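Colleague: I have the sequence and the coordinates open now. Could you walk me through what you see, starting from the inside?

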Amino acid sequence: MTTCTCLTKPHKEHVELVHLLQKRGMEICDKDRAIRKLSQIGYYRLSGFWYPCRKPLTEADGVTYSKDPVTKMPIRSDLFQENVRFDDITDLYLFDKKLRQLLLNAIERVEIHIRSVIAHELGRLDPLAYKSECYINPNVMKEKKRPDGSKYTIWGDWVEKQNGMIQSSTVDCIKWHKKRGKEIPFWVVIECWDFGLMSKYFQNLKRTYQELVCKHFGLDNPKTFRSWLTELNNLRNSCAHHSRVWNLKMANAISTKGTEGIPYFQRLNLSSDARERIYAHIAVLWYLVQMIGPSSDWIGRVADLIDCKPRINSCPYTAMGFQSNKGFPRHKFAYFDGANSSCPLAFCSILNRIWLSCKKTV
């Protein structure tokens, strides 16, 4: 059986791909290592890391960059800029891998804590609150139509997804309740929730109950917290599926609305570009981690890693959302300098809570 390949690029062996990269101007000192790395990682996967190093095409004037009519991004040729080394690209790949691992470490801690807070606050009102519509915003229970004409509700879709998770769960405590035909209380059922289900449940809640959760994180704007959950869930999925994140431009900017009076966010003063990049996501994660564990050294490990990012001319720190290319702005994440690079913001956490308390009494 033959397959038409007229619309696809021809297959190339790894040695051919190494020769192709050299022909296009990439410096490769150790061809055998390059072949091995291409076989381990994949040419196409690595191409996302060397893409910024390709020469941008220009218009007839030789100065203006040609831009893609859809993405508005510069169109690049197949040729590389000067001094692009294969070893630097693989180092950048490993940097991205380590960054994803650190991000997942923080996201896991944040996810588990938020799940616990939701279960505690809503479970106090009703151990089976997750089944009750009385806590749910009426707008998400309005009937809608799908493109195929079928009807649905946002809340109904959430319930269906949760029921599926309960049925397929292999978590011991869930299985124990199912086997005995017992109702599953809120603080148990959350063990089968993923970040996405948790995020959508928070979005579905009435504002009153959203505020019960937000107060644990020094926030009084549920809409901002909804944005954080949505964007951190997207980031979690990117990390879990091993997608490149170091210079990723997010589909939506993470919101900082309502944080203007919080000293930490005042000091960061995140730009619109930063809020679409990994920098703002690191900032929000650190804020939440500090609310959970003030003595955490997570931000120090992140700063140390980012300061060791491979120095590649076409891959600057600004591509991560930082304001300059000087490295991680440690001074914005701590109130004092010292030998310990992590400098926990325990004092910042306390100030934020005091500020919110005072705001509500005014």
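Modeller: This is a predicted model, and its largest nonpolar core has 99 residues, those with the most contacts inside it being Leu-103, Phe-186, Trp-193, Tyr-201, Phe-225 and Trp-298.

Colleague: Which helix gives the most to this core?

Modeller: That is α4, which contributes 16 residues to the core.

Colleague: And what is Trp-193 in contact with, leaving aside its neighbours within four places in sequence?

Modeller: Its contacts include Phe-186 and Tyr-201, and also Trp-158, Tyr-130, Met-165 and Met-198, while Glu-111, Arg-115 and Gln-162 are on the list as well.

Colleague: Zooming out, how many helices and strands does the chain have?

Modeller: The chain has 14 helices and four strands, and of its 362 residues 44% count as buried. Among contacts between residues at least 6 apart in sequence, 65% join residues at least 24 apart.

Colleague: What does the accessible surface of the chain come to?

Modeller: It comes to about 19500 Å², with 52% of that belonging to carbon and sulfur atoms.

Colleague: Let's go to α2. Which residues are buried there?

Modeller: In helix α2, which covers residues 31-41, the buried ones are Ala-34, Leu-38 and Ile-41. Seen down the axis of α2, these buried residues fall within an arc of 85°, so they line one face of the helix.

Colleague: What do the buried residues of α2 pack against?

Modeller: They pack against three helices, namely α1 (14-23), α3 (43-50) and α4 (86-125).

Colleague: And what is there at the start of α2, and just after α2?

Modeller: At the start of α2, a side-chain oxygen of Asp-30 comes to within 3.2 Å of the backbone nitrogen of Asp-32, and just after the helix Gly-42 takes a positive phi of about 105°.

Colleague: Changing topic to charges, how many salt bridges does the count come to?

Modeller: The count comes to 17 salt bridges. One of them joins the side chains of Asp-96 and Arg-100, at 2.6 Å from N to O, and both residues lie in helix α4, four residues apart, or about one turn of the helix.

Colleague: Is that pair buried or exposed?

Modeller: Asp-96 is buried, with a relative accessible area of 0%, and Arg-100 is buried too, with a relative accessible area of 6%.

Colleague: What about Glu-211 and Arg-207?

Modeller: Their side chains meet in a salt bridge of 3.0 Å, N to O, and both residues lie in helix α9 (residues 207-214), four residues apart. Glu-211 counts as partly exposed at 32% relative accessibility, and Arg-207 counts as partly exposed at 47%.

Notes
Residues are numbered from 1 along each chain as its sequence is written. This is a predicted model: local features need pLDDT of at least 70, side-chain atom pairs count only at pLDDT 80 or more; totals for chains, interfaces and linings use all residues. Side-chain values use heavy atoms; hydrogens and water are left out. Buried means under 20% relative accessible area, exposed over 50%, partly exposed in between (1.4 Å probe, protein chains only). Helices (H or I, at least four residues) and strands (E, at least two) are DSSP runs, numbered from the N terminus. The arc is that of the directions from the helix axis to the C-beta atoms. Contact means heavy atoms within 4.5 Å. A polar contact is a pair of N or O atoms within 3.5 Å; within protein, one must be able to donate a hydrogen and the other to accept it, and residues adjacent in sequence count only if both atoms are side-chain atoms. Accessible areas come from the Shrake-Rupley method with a 1.4 Å probe; for residues, only the protein chains shown count as cover. A nonpolar core is a set of buried Ala, Val, Leu, Ile, Met, Phe, Trp, Tyr and Cys residues joined through side-chain atoms within 4.5 Å. A salt bridge is a side-chain nitrogen of Lys or Arg within 4 Å of a carboxyl oxygen of Asp or Glu.
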